[in-house]
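Good morning, and thank you for joining.

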Amino acid sequence: MKSAILDYIKEIQDTNIETFKDRAAEVEQFRIKYLGKKGVIASLFDQFKSLPNDQKKEMGQLLNQLKTAAQFRIEEFKNFVEQQQEQCDRHDLTLPTDFSTLGSRHVLSVVMNEITEIFSRIGFTVAESVEIEDDWHLFSALNFPPDHPARDMQDTFFVEKEEGKQDVALRTHTSSVQVRVMEHNQPPIRIIAPGRVFRNEAISARAHCIFHQVEALYVDEKVSFADLKQTLLYFAKEMFGEQTQIRLRPSYFPFTEPSAEMDISCNICGGEGCNICKHTGWLEILGCGMVDPNVLEACGIDSKKYSGFALGMGVERMAMLKYQIRDLRLYFENDLRFLRQFDAIV
């Protein structure tokens, strides 16, 4: 009898109301099981009457302990059920659901999707690849000379850099995707390569060590600079409005020749001049050019038969111009006050 009483005491102490599915009903069942007229404790008291006198003192104390434990636990359970009911009563379950706290796309995702959609309308398809690249796809195949500054540790996050071995690094541009596509496909090629890139730069309002790019590549027979210019003009008008004008300035990139930087008329001041465009009326948005024949040959494409153009832009830069965002760091800080400004954008 002693062991049975101790087992019941332990069972009472170990019972957790969180396991009850119908709490109010199961608390009542718990009470009947132990304190009911035909319950456990009543049965044990019936057995107690037939015990020898020398055992009654010890068994009586244990039975009282069991009864006290059961009464305390039941009272505790009843209080818990009442508190839960009070909390439910405070809420009107007939009110309509509030969806205002639902999440939305990040502004960078919105802009990247918009750029992708614009190029998809004129036949460009999306190509993606790895973010950790080897030296060949990142630099050598793109006509970067061995002493180019971009190979320096100050600009690139190297994963492996050992003498006599091919360097491995976090990609500094999505041009490596273009190389991989040209290696495994023959023209015509018309792709865009959106993705995340990394550069070893100090973080500030205008620079970050992580950012996003979208690059485009078109390779086919008789592709000319005029094709590039028309593509750029179409993109600028679709992205920033029909009134947008463009201009091209000579520049230099190892993988394009000739190369250019493209500016658009400032969409904030309408070309009149403001602080954003530094009172020039123009904003630089991307780099472009005709694919260097050396790059085509390195990827196994006949440069005498085929030509092509490439262009690349920073997604953060596009978002800054489109939504007048003045600090790059806001994109990565997950500040809800910033992110909720774009809830309505799809």
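**Cysteines, a histidine and a helix**

I begin with C299, which is buried, with a relative accessible area of 6%; buried here means under 20% relative accessible area, exposed over 50%, and partly exposed in between, with a 1.4 Å probe and protein chains only. Please bear in mind that this is a predicted model, in which local features need pLDDT of at least 70 and side-chain atom pairs count only at pLDDT 80 or more, while totals for chains, interfaces and linings use all residues. Residues are numbered from 1 along each chain as its sequence is written, and side-chain values use heavy atoms, with hydrogens and water left out.

C266 is also buried, at a relative accessible area of 2%. How many disulfides are there? With a disulfide taken as a pair of cysteine sulfur atoms within 2.5 Å, the count is zero. For C299, the nearest cysteine sulfur belongs to C288 and is 19 Å away.

I turn now to H173, found in the loop between β4 (168-170) and α7 (175-184). Helices (H or I, at least four residues) and strands (E, at least two) are DSSP runs, numbered from the N terminus. H173 is buried, with a relative accessible area of 6%. Its side chain reaches the backbone oxygen of L138 at 2.9 Å. Beyond neighbours within four places in sequence, H173 has contacts (heavy atoms within 4.5 Å) with residues including L142, F144, R199 and E215.

Finally, helix α10 (residues 315-323) has buried residues, among them V315, M318 and L321. Their cover includes α5 (107-120) and β6 (210-220). Just after α10, Q324 takes a positive phi of about 50°.

Technical notes: Polar contact = N/O pair within 3.5 Å; in protein donor to acceptor, adjacent residues only side chain to side chain.
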